[in-house]
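Work through the exercises below with the structure open. Each task is followed by a solution in steps.

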Amino acid sequence: MDPESQRVKLNDGHFIPVLGFGTYAPEEVPKSEALEATKLAIEVGFRHVDSAHLYQNEEQVGQAIRSKIADGTVKREDVFYTSKLWCTSLRPELVRPALEKSLKNLQLDYVDLYIIHSPVSLKPGNRFVPKDESGKLIFDSVDLCHTWEALEKCKDAGLTKSIGVSNFNHKQLERILNKPGLKYKPVCNQVECHPYLNQSKLLEFCKSHDIVLVAYAALGSQLSSEWVNQNHPVLLEDPVLCAIAKKHKQTPALVALRYQVQRGVVVLAKSFNKKRIKENMQVFDFELTPEDMKAIDGLNRNIRYYDFQQGTGHPEYPFSEEY
């Protein structure tokens, strides 16, 4: 199957490949690995690369994309690149400078998609995670509609082709959609989504507004990072998932990715492991039956690996809502 045809049309007319390569890695992973892994991902057929200012590896990811353009593997327009506006830059006047900084690190003229990383605004400054003496996050107060207007201006200026959001609940999305003078709708909402948190209500809401749901942590999460709740079961060891994988002679990871593709969700596959990067492209080589899909739907238990507990006191903390 030709991955070129595996694209979904966004509500602004652009196309996003349904399988994306995620580049987030814990701090102990050397940045050079992002460079090598992204190059390999493009070589094996990934055409959608997802990063963010927060990941502190846009320089390497940009270098990988440019080297694959230079050697003729791809043209710039073949690669769909997503960056994200971090929480310390949600004030409208900080939006464009933040995007320009990402572009400078990437050494690219534009990104394909620029999204608000999270609705929880943090105190501006050079610290990614500003904390007070007691270790609590220092919040900022920003009207997300004003942040959105600044993103619209970035699109008009040609710095990004499309604009969207991440980690928004349906009420926050509604606020943007109902904003007086809205120029562009968000094209997507990137959220944690996997069989233990299948987001079916949010997916339905997004589909009804022609907004694409993009899934991160689609394989659950084994990361030990300050953002991840360590007390949850390991998704890829789930007996139902493993049985379906065995039946199709595929890995549980591929089944979890395929599940999203068949629901019309754009899915990010994150791995710096060569064998698995190649393997993840096989998501297009098989199909789950309606019974398989139903069985996987039945695994939902609202387990959130990235619950961002530190943000709970913020008025825009997104996860207190049901969806």
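## Exercise 1: helices 5 and 6

Task: find which residues of helix 5 meet which residues of helix 6, then describe how the two axes are arranged.

Solution. His-170, Leu-173, Glu-174 and Leu-177 of helix 5 meet Leu-202, Phe-205 and Cys-206 of helix 6. Contact means heavy atoms within 4.5 Å. By class, this contact has five nonpolar, one polar and one charged residues. Ala, Val, Leu, Ile, Met, Phe, Trp, Tyr, Cys and Pro count as nonpolar; Asp, Glu, Lys and Arg count as charged; the others, Gly among them, are polar.

The model is predicted: local features need pLDDT of at least 70, side-chain atom pairs count only at pLDDT 80 or more, and totals for chains, interfaces and linings use all residues. Residues are numbered from 1 along each chain as its sequence is written, and side-chain values use heavy atoms, with hydrogens and water left out.

Next, the axes. Helix 5 spans residues 170-177 and helix 6 spans residues 200-208. Helices are DSSP runs (H or I, at least four residues), numbered from the N terminus. The axes of helix 5 and helix 6 come within 11 Å and cross at roughly 15 degrees. So helix 5 is roughly parallel to helix 6. Angles under 35 degrees count as roughly parallel, over 145 as roughly antiparallel, 65 to 115 as roughly perpendicular and the rest as oblique. Axes are lines fitted to C-alpha atoms over the stretch in contact, and angles run from 0 to 180 degrees between N-to-C directions.

Last, the hand. Helix 5 passes helix 6 in a right-handed crossing. Right-handed means that the near helix is turned clockwise from the far one by less than a right angle.

## Exercise 2: helices 7 and 8

Task: state how helix 7 is oriented to helix 8, and list the contact residues.

Solution. The axes of helix 7 (residues 239-248) and helix 8 (residues 252-262) come within 8 Å and cross at roughly 95 degrees. Helix 7 is therefore roughly perpendicular to helix 8. Leu-241, Cys-242, Ile-244 and Ala-245 of helix 7 touch Pro-252, Val-255 and Ala-256 of helix 8. The class count is seven nonpolar, no polar and no charged residues.

## Exercise 3: helices 3 and 4

Solution. Helix 3 (residues 92-106) and helix 4 (residues 144-156) have axes that come within 8 Å and cross at roughly 40 degrees. From helix 3, Pro-92, Val-95, Arg-96 and Leu-99 meet His-146, Thr-147, Ala-150, Leu-151 and Cys-154 of helix 4. This contact has six nonpolar, two polar and one charged residues.

Definitions and conventions:
Helix = DSSP H or I, 4+ residues; strand = E, 2+ residues; numbered from the N terminus.
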